[in-house]
Amino acid sequence: IYENVLDYYGPNHVMPGKEALRVAAVYHNHLDHDHALVWYQKGYDLLKAVTPQTFEVLDQLSIACVKLARGAGHHGDSEAYKKYSSEYRQIVDSILQFKNDHLTDMQKQRLEIKQYYFLLEEAKQALRNEHFAVFEKLCDSIAEWIDRTPNLGYRKVAFEELHVSLLIHKNQLDAAEKTARENVRSTLLYRGDKYKDYLSCLEVMADVLKLENKYAEALSVYEKILIHLQRDYPYEQKWINTIMNKI
C-alpha cells in the first residue's frame, strides 16, 4: 500500500508519510522496534518535506515525532529525545496558531488528546531516568485532565497504567493492585481477551501481585499470559521469553 500510495500521490503529499507510519506500526506491533524506527524516520522525513503544512500534515508529523522520541528514550539517546520532543511541542504550537474556527471539534479533541499522550511519554521517560519529582508532577497534570474529560473510554487505560507506576513508586501497592485490576476489566470490556492490550494489562497486574508477595496468584496470571501468547502470538518470542523468566 505504501509503494502504491507513493507512486500515485508522489512524495509531496500527506498520504505516503501516513502510510510509512502504518508500516512502522506493523513492525512495532511485532516488537521489531529497530525496523519500526527506520519506518518512523521515513515517515518523518516525508512529512517534514510536505508543503503546505496543513493540519493533517502537522497531525501526522507530530505522531512521527512522538514515536521517534519514544524510541530515542528507550535507546538512551537523550539528544535525539530532546530534538524530537522539542519539535513535537513546536508542531503543537503551530497547530494552535490555526484560528479556532479553522479547526473542527474533532480536530480540537484530537489535539488535546495528543498533548496528553505526549505528557504520558514524558512521564515514562522521567520514570526511566529516575527523575521522580518530574514524574509525579506530570502524573498530577494527567490525572487532573482525566478527571475533567468525559468519555475517554478505552483511552483511559494507557493513562491508568501510568497511575499504577506512580502508586508502585509511592509503595501504595494495594491501590496499585486495585487500579491494575480495573484496567484488566476495562480492557476485557473494550478489547476482548484475544488482543495484546489485554495481555499487557494482565502482565502489569501480575507484576503488582509479585511485589505484594502474592506469588501463587502472580504465577497463575503469568501462566495464563504465556498460554495466550503461545497460542495466539507464537512469533512474539521476546515477550514469551520475558514471561517465562518471570515465571
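Leaving aside neighbours within four places in sequence, which residues is Trp239 in contact with? They are Leu31, Lys196, Leu199, Ser200, Glu203 and Leu229. The legends below describe close-up views of a predicted model.

**View 1**
Trp239 is part of helix H12, which covers residues 237–246. The relative accessible area of Trp239 is 10%, so this residue counts as buried. Its contacts, leaving aside neighbours within four places in sequence, include Leu31, Leu199, Ser200 and Glu203. Leu229 is also in contact with Trp239. Trp239 and Leu229 are 10 residues apart along the chain, and 8.2 Å separates their C-alpha atoms.

Lys196 belongs to helix H10, residues 196–211. With a relative accessible area of 17%, Lys196 is buried, because the cut-off for buried is under 20%. A polar atom of the Lys196 side chain lies 2.3 Å from the backbone oxygen of Asn29. Not counting residues up to four places away in sequence, Lys196 touches Asn29 and His30, and also Tyr233, Tyr235, Glu236 and Trp239. The contact between Lys196 and Trp239 links this view to View 1.

**View 1. Packing of helix H1 against helix H2.**
Helix H1 spans residues 2–9 and helix H2 spans residues 14–29. On the H1 side, the contact is made by Tyr2, Val5, Leu6 and Tyr9. These residues meet Met15, Pro16, Glu19, Ala20 and Val23 in H2. By class, the contact of H1 with H2 has 8 nonpolar residues, 1 charged residue and no polar residues.

**View 2. The peptide bond between Thr51 and Pro52.**
Thr51 and Pro52 are joined by a cis peptide bond. The omega angle of this bond is about -5°. Pro52 sits in the loop between helix H3 (33–49) and helix H4 (55–74).

**View 3. Glu130 in the loop between H6 and H7.**
Glu130 has a phi near 60°, a positive value in a residue other than glycine. Its loop runs between helix H6 (105–128) and helix H7 (132–148). The relative accessible area of Glu130 is 57%, so Glu130 is exposed.

**View 4. Asn213 in the loop between H10 and H11.**
For Asn213, phi is near 65°, again a positive value in a residue other than glycine. This residue lies in the loop that separates H10 from helix H11 (215–232). Asn213 counts as exposed because its relative accessibility is 51% and the cut-off for exposed is over 50%.

The disulfide count for the model is 0. The closest cysteine sulfur to that of Cys201 belongs to Cys139. The two sulfur atoms are 16 Å apart, too far for a bond, because a disulfide requires sulfur atoms within 2.5 Å. Cys201 counts as buried, at 3% relative accessibility. Cys65 also counts as buried, at 0% relative accessibility.

How values were computed
Residues numbered from 1 in each chain as written. Predicted model: local features only at pLDDT ≥ 70, side-chain atom pairs only at ≥ 80, totals over all residues. Heavy atoms only, no water. Axes fitted to C-alpha atoms, helices over the stretch in contact; angles between N-to-C directions. Helix = DSSP H or I, 4+ residues; strand = E, 2+ residues; numbered from the N terminus. Contact = heavy atoms within 4.5 Å. Nonpolar A, V, L, I, M, F, W, Y, C, P; charged D, E, K, R; others polar. Buried < 20%, exposed > 50% of the residue type's maximum accessible area, 1.4 Å probe, protein only. Polar contact = N/O pair within 3.5 Å; in protein donor to acceptor, adjacent residues only side chain to side chain.
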